[in-house]
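Hi,

Here is the structure I promised to pass on.

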Amino acid sequence: RGLRGVEGALKFFILGAVSSAVFLLGVAFVYGGSGEVCFLGNNYLGLLENWGEGLITVALLFKLTMVPFHFWAPDVYGGASFYTILLLVTIPKISIFYLLMQVGFEYKIVVWCVVLSLLVGGIGGLNQTSMKKLFVYSGMINMGMALLGLLVGGNSGIVIGFVYLIIYMIVTIGIFLILLQLRWRSGLIVELVGVGRKNSVLGLSFILLFFTLAGIPPFGIFFVKL
């Protein structure tokens, strides 16, 4: 809605197209090196394999809004409606996480992106006044934590990553449903003051969900982090 919504949509469309082009370029390198469309083939040429895997990893991390590929997210989220943000932070995250697990990834790139995302997400979210932008930085942290499971490797690491991601999605959906129920359109955090006095059930639910999202014990995400 308005100029901010148009600007956010245009940035999402253009940069999304660029990331898709990077992904296809990575696929082309993999195919050029192996002669196969199977990502799990063993006939890669070393140089093309590294380039292709690196480009595919960058493109998928861009979709997950991992640092330093997050620069588009604050403007896009800030100009989008709550329904659009709810869609962006749920279904695409799970599908891209699964795709990243299936096609493989460049380990060093993911490690650095996870470390930077945890730092930038934790620090950048401290001075936010907009709930929409706060979810951008929250997403960086939580996706970084979920990707730690892939970095650990093995069945246990993958399962932990998926469990963490599913809990994050459920909690995020619950928070957005409460915000929509409150008919809160401004997006400013300060305007949530006094919600518990108006509706104690929604206020208490909102606090519990935020504690869960923050990983405060004894809520679910805390035990998954352990």
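How many aromatic pairs does the structure hold? It holds nine, where rings of Phe, Tyr and Trp (its six-membered ring) pair if their centres lie within 6.5 Å, and planes under 30 degrees apart count as stacked, over 60 as edge-to-face and the rest as tilted.

Before the details, a word on the ground rules. This is a predicted model, with local features needing pLDDT of at least 70, side-chain atom pairs counting only at pLDDT 80 or more, and totals for chains, interfaces and linings using all residues. Residues are numbered from 1 along each chain as its sequence is written, and side-chain values use heavy atoms, with hydrogens and water left out.

Back to the rings. F62 and W72 are stacked, because their centres are 5.5 Å apart and their planes sit at 25 degrees. F62 is in helix 2 and W72 in the loop between helix 2 and helix 3, 10 residues apart. (Helices are DSSP runs of H or I, at least four residues, and strands are runs of E, at least two, numbered from the N terminus.) F62 counts as buried at 9% relative accessibility, and W72 is buried too, at 5%. Buried here means under 20% relative accessible area, exposed over 50%, and partly exposed in between, with a 1.4 Å probe and protein chains only. F97 and F162 make an edge-to-face pair, with 5.0 Å between centres and 85 degrees between planes. F97 lies in helix 5 and F162 in helix 8, so this pair ties together parts that are 65 residues apart in sequence. F97 counts as buried, at 0% relative accessibility. Ring pairs also link F12, F62, F71 and W72 into a cluster.

Now for helix 5 and helix 8 themselves. The axes of helix 5 (residues 91–103) and helix 8 (residues 154–181) come within 11 Å and cross at roughly 170 degrees. Axes are lines fitted to C-alpha atoms, for helices over the stretch in contact, and angles run from 0 to 180 degrees between N-to-C directions. The two helices are therefore roughly antiparallel, given that angles under 35 degrees count as roughly parallel, over 145 as roughly antiparallel, 65 to 115 as roughly perpendicular and the rest as oblique. On the helix 5 side K93, I94, F97, Y98 and M101 meet I158, G161, F162, L165 and M169 of helix 8, contact meaning heavy atoms within 4.5 Å.

Which residues touch the most other members of the largest nonpolar core? Among its 55 residues, they are L61, M66, Y77, F97, L100 and L147. Such a core is a set of buried Ala, Val, Leu, Ile, Met, Phe, Trp, Tyr and Cys residues joined through side-chain atoms within 4.5 Å. Not counting residues up to four places away in sequence, L100 touches L60, L61, L64, F105, L147 and L150.

One more residue to look at is V110, in helix 6. V110 is buried, with a relative accessible area of 1%. Leaving aside neighbours within four places in sequence, V110 contacts T57, L61, F105, L147 and L151.

As for the whole chain, there are 11 helices and zero strands. Of the 226 residues, 44% count as buried.

Cheers
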